[in-house]
Amino acid sequence: MNSELLDYIHDTEILDYCLQKNGAYVDYPFGADYITVKVKNSRKNVIFAEIFVLDRELKLTFSTDECTAQKLRSDYADIIVKGWHCPPVQAKYKSTVAVDGVSMETLQNLIDMSYDRAIFKLK
């Protein structure tokens with residue numbers, strides 16, 4: 001991936017919004033061109049957002065409960081799909097959205113749900 005594209009990913013409003021969350025930090029477990037945003041406590045960490053480019057489109061992977069994931073994938077069938085780059089056991093909870101396909105407000109709501117789920121998993 002070229003450096004201009006990496007700079008673009010790092011300069012997105014989405015990443016800025018994620019990093020405003022209490023305890024949020026960036027990690028790169030899948031390589032420099034795939035940003036994960038995590039939150040942690042003293043025992044473990046949980047990914048709540050993944051930001052990357054796939055097929056020349058900026059994508060966001062987020063997590064919800066299984067019923068919400070199914071509803072979002074149904075309501076936004078052409079924009080929200082089963083989580084990309086997710087193990088099968090997580091696929092029912094993780095979804096990927098094409099960032100350009102929804103409003104920033106919708107993206108923030110998806111990030112909020114995912115962050116709340118991550119915080120719950122840390123308890």
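Okay, Arg73: you'll find that one in helix H3, where helices are DSSP runs of H or I with at least four residues, strands are runs of E with at least two, and both are numbered from the N terminus. Arg73 is buried, yet has no salt bridge. Buried here is under 20% relative accessible area, exposed is over 50%, and partly exposed is in between, with a 1.4 Å probe and protein chains only. A salt bridge would need a side-chain nitrogen of Lys or Arg within 4 Å of a carboxyl oxygen of Asp or Glu. The nearest side chain of opposite charge is Glu66, and that's 7.8 Å away. For charge, Lys and Arg count as positive, Asp and Glu as negative, and His and the chain ends aren't counted.

Quick caveat before I go on. This is a predicted model, where local features need pLDDT of at least 70 and side-chain atom pairs count only at pLDDT 80 or more, while totals for chains, interfaces and linings use all residues. Residues are numbered from 1 along each chain as its sequence is written, and side-chain values use heavy atoms, with hydrogens and water left out.

So what is Arg73 in contact with, leaving aside its neighbours within four places in sequence? Contact is heavy atoms within 4.5 Å, and the list runs Ile80, Val81, Lys82, Gly83, Ala91, Lys92, Tyr93, Lys94 and Ser95.

Now the sheet. We've got 6 strands in an open sheet, ordered S1-S2-S3-S4-S6-S5, with antiparallel pairing; two strands pair if DSSP finds at least two bridges between them. At the edges sit S1 (25–27) and S5 (80–82), each pairing on one side only. From one strand to the next, the twist averages 30°. Angles run from 0 to 180 degrees between N-to-C directions, and axes are lines fitted to C-alpha atoms, for helices over the stretch in contact.

H3, residues 66–75, packs on that sheet and touches S4, S5 and S6, its direction making about 130° with that of S5. H5 packs on the sheet as well, touching S2 (34–40), S3, S4, S5 and S6, and its direction makes about 150° with that of S3.

Staying with H5: its 19 residues, 104–122, should span 27 Å at 1.5 Å a residue, and the end C-alpha atoms are 27 Å apart, which agrees. The expected span is 1.5 Å times one less than the number of residues. Buried residues of H5 include Leu107, Leu110, Ile111 and Tyr115.

Over to S4, which is mostly covered, with 6 of its 7 residues buried. On one flank, 5 bridges join S3 to S4, running antiparallel, and Glu50 has Thr61 in S4 as its bridge partner. S4 is also joined to S6 (residues 94–98) by 5 bridges, antiparallel again. There, Leu60 partners Val97 and Phe62 stands opposite Ser95.

Asp55 is exposed at 69% relative accessible area, and Arg56 counts as exposed at 84%.
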